[in-house]
Amino acid sequence: MARSGVASRRASEAIILAGRVSVNGVIVTELGTKVGLGDTVCVDGKTIVPEENKRYVLLNKPEGYVCSLSDEKGRPVAADLLKNTYSERLYNVGRLDMFSSGLILFTNDGEFAAKLSHPSAEMEKEYIVDTSLPLPRGLADDFMHGVRVDNVFYRCKWAEELNSHRMRVVLVEGKNREIRNVFESRSIGIRSLMRIRIGNIGVGNLQWGEFRDLTESEISSLLKLCKTNTTPAKEDR
């Protein structure tokens, strides 16, 4: 399913367990079920086949878009920004919340997505955070040493104040809404949150809503930055 561009491996497992997959007309809910070249696999009644072309796309997501293949609330979906250019079904690697902007990767390569998105990969992601109020003294150091919020421990790899209302933060772990939770714990509202780097790939000249294919060397270098891992993880800043 991941090779057919349906979803990442972890999301595909959830789809199988939900009874949405059939093989030769029979619903399958057992993970790891083997299929052959002559078998017909359907998801929600639609036949899927492995895609020949693997795509790796870098998008500079604007605010106001959700990172999901569909949204039950009818909100704009980031993947829709790619539909007029790519015929393959692409899904996001990790997430950015609706009110965050910046770099996010899309692919139809499940193994690539799994390696990059797992916390054990320790893939660096760099953010610029603009606040509505002046930054509390010592917040950057506290974030680097570790901050506990509602029994969840958050620690960034690097943080530095760029001015009284702006901070640069580098994360290596994909805990849900990590930056927002840390700042909100100090009663500091975030005016804008933008991811400007993933691994060794920066935003460059991409404007909001613009995207480009990764080069072969960029794909290779991202994979080399990953440590060994087996399953993907969610991320939402």
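A search of the whole structure finds 15 salt bridges, a salt bridge being a side-chain nitrogen of Lys or Arg within 4 Å of a carboxyl oxygen of Asp or Glu. The structure is a predicted model, in which local features need pLDDT of at least 70 and side-chain atom pairs count only at pLDDT 80 or more, while totals for chains, interfaces and linings use all residues. Residues are numbered from 1 along each chain as its sequence is written, and side-chain values use heavy atoms, with hydrogens and water left out.

One of these salt bridges brings together the side chains of aspartate 97 and arginine 180, with an N to O distance of 2.6 Å. This pair links distant parts of the chain, since aspartate 97 sits in the loop between strand S6 (91–93) and strand S7 (101–107), whereas arginine 180 belongs to helix H4 (residues 178–185), 83 residues apart. Helices (H or I, at least four residues) and strands (E, at least two) are DSSP runs, numbered from the N terminus. Both aspartate 97 and arginine 180 are buried, where buried means under 20% relative accessible area, exposed means over 50%, and partly exposed lies in between (1.4 Å probe, protein chains only).

A further salt bridge joins the side chains of arginine 197 and glutamate 124 at 2.9 Å, N to O. Arginine 197 lies in strand S13 (residues 190–198) and glutamate 124 in the loop between helix H2 (110–117) and S8, so the pair ties together parts that are 73 residues apart in sequence. Arginine 197 is buried, at a relative accessible area of 17%, whereas glutamate 124 is partly exposed, at 21%.

The side chains of arginine 186 and aspartate 142 also meet in a salt bridge, at 3.2 Å from N to O. Here arginine 186 is in the loop between H4 and S13, and aspartate 142 is in helix H3 (residues 139–145), 44 residues apart. Arginine 186 is partly exposed, with a relative accessible area of 30%, and aspartate 142 is partly exposed as well, with 31%. Salt bridges that share partners join Glu124, Glu126, Lys157, Glu160, Arg168 and Arg197 into one network.

Turning to the strands, S8 (residues 125–131) and S12 (residues 166–171) pair in the antiparallel sense over 6 bridges, pairing being assigned if DSSP finds at least two bridges between two strands. Within this pairing, valine 129 stands opposite methionine 167 of S12. Strand S11 (residues 158–163) also runs antiparallel to S12, joined by 5 bridges, and glutamate 161 has methionine 167 as its bridge partner in S12. A hairpin through 2 residues connects S11 to S12.
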